[in-house]
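Please examine the model below before reading on.

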Amino acid sequence: KPRWPTEPTIQNDPVTDDYRDKAFDTYRRNLAPREGDKMNDPNAGRTNKGISQKELNLLNTKWPNWGLPKKADALTQAQITDIYRREFYDEPQIARFAFATQALPNLSEQTFDIGVLHGPATAAKWVQEEANNVLGTKLAVDGKLGSETRAALAKATPLELAQINNAIAKRREAAMRQDVARHPEKAQYLDGWIKRARSFAIPE
């Protein structure tokens with residue numbers, strides 16, 4: 001078993017290491033100001049630049065040989081970036097999704113950002129559901145950005161990709177409002193979350 005989450009291997013991978021690295025570097029640079037510094041999350045516990053104690057506990061259970069610290073406050077900048085790279089970018093195949101949807105970079109970066117906030121499986125399911133709505137496809141909503149999902153999105157026009165992207169942005173906002181309705185203690189984050197979701201929308 002690998003020490004940490006890895007990108008699934010495929011034959012004839014069209015994505016080069018340079019493309020993969022540059023896309024991640026852009027996403028990570030843009031993510032940093034959204035996630036802030038150290039803080040106390042009312043539900044997830046102590047949080048260090050977006051990585052919560054709850055998330056860290058799960059990672060240490062799932063990947064005990066990764067060598068991550070037990071406390072979120074002890075995470076280094078390099079370890080935080082490594083978590084974002086391996087757990088939220090490599091394993092969900094975001095680079096391959098970005099390559100397939102490069103006609104609209106907002107979509108892949110928003111998908112990465114959703115994965116950070118709501119989990120990569122949720123991000124993929126929203127992409128699949130909105131692709132089915134816009135494109136009329138019948139993608140399995142399995143929470144994985146696999147070859148069928150990537151192939152369907154690669155055939156979409158820039159306008160169709162924008163429609164999918166914006167539908168997801170609206171869906172994010174609705175989910176955030178519902179989350180705060182269920183957990184009023186999160187109300188302090190709502191304005192920032194909504195601004196974050198809307199920042200990925202393409203003007204219509």
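Which residue in β3 stands opposite Thr47? The residue is Ser52. This is a predicted model, in which local features need pLDDT of at least 70 and side-chain atom pairs count only at pLDDT 80 or more, while totals for chains, interfaces and linings use all residues. Residues are numbered from 1 along each chain as its sequence is written, and side-chain values use heavy atoms, with hydrogens and water left out.

Thr47 and Ser52 face each other where strand β2 (residues 45–48) pairs with β3 in the antiparallel sense over two bridges. Two strands pair if DSSP finds at least two bridges between them. The strands belong to an open sheet of three, in the order β1-β2-β3, with antiparallel pairing. Its edge strands, β1 (38–41) and β3 (51–52), each pair on one side only. Strands (E, at least two residues) and helices (H or I, at least four) are DSSP runs, numbered from the N terminus.

In soluble globular proteins, nonpolar side chains tend to be buried together. Here the largest nonpolar core has 42 residues, and those with the most contacts inside it are Ile83, Tyr84, Tyr89, Leu107, Phe112 and Leu153. Helices that each supply at least two residues of this core include α1 (17–35), α3 (77–90), α5 (105–118) and α8 (158–182). A nonpolar core is a set of buried Ala, Val, Leu, Ile, Met, Phe, Trp, Tyr and Cys residues joined through side-chain atoms within 4.5 Å; buried means under 20% relative accessible area, exposed over 50%, and partly exposed in between (1.4 Å probe, protein chains only). A second, separate core of seven residues includes Met176, Val180, Trp193 and Ile194.

Aromatic rings provide a further theme. Rings of Phe, Tyr and Trp (its six-membered ring) pair if their centres lie within 6.5 Å; planes under 30 degrees apart count as stacked, over 60 as edge-to-face and the rest as tilted. The whole structure contains nine aromatic pairs. One of them, Tyr19 with Phe99, is edge-to-face, at 5.5 Å centre to centre and 80° between the planes. Because Tyr19 lies in helix α1 and Phe99 in helix α4, this pair ties together parts that are 80 residues apart in sequence. Tyr19 counts as partly exposed, at 25% relative accessibility, and Phe99 counts as partly exposed at 29%. Elsewhere, Phe24, Tyr27, Tyr89 and Phe112 form one aromatic cluster.
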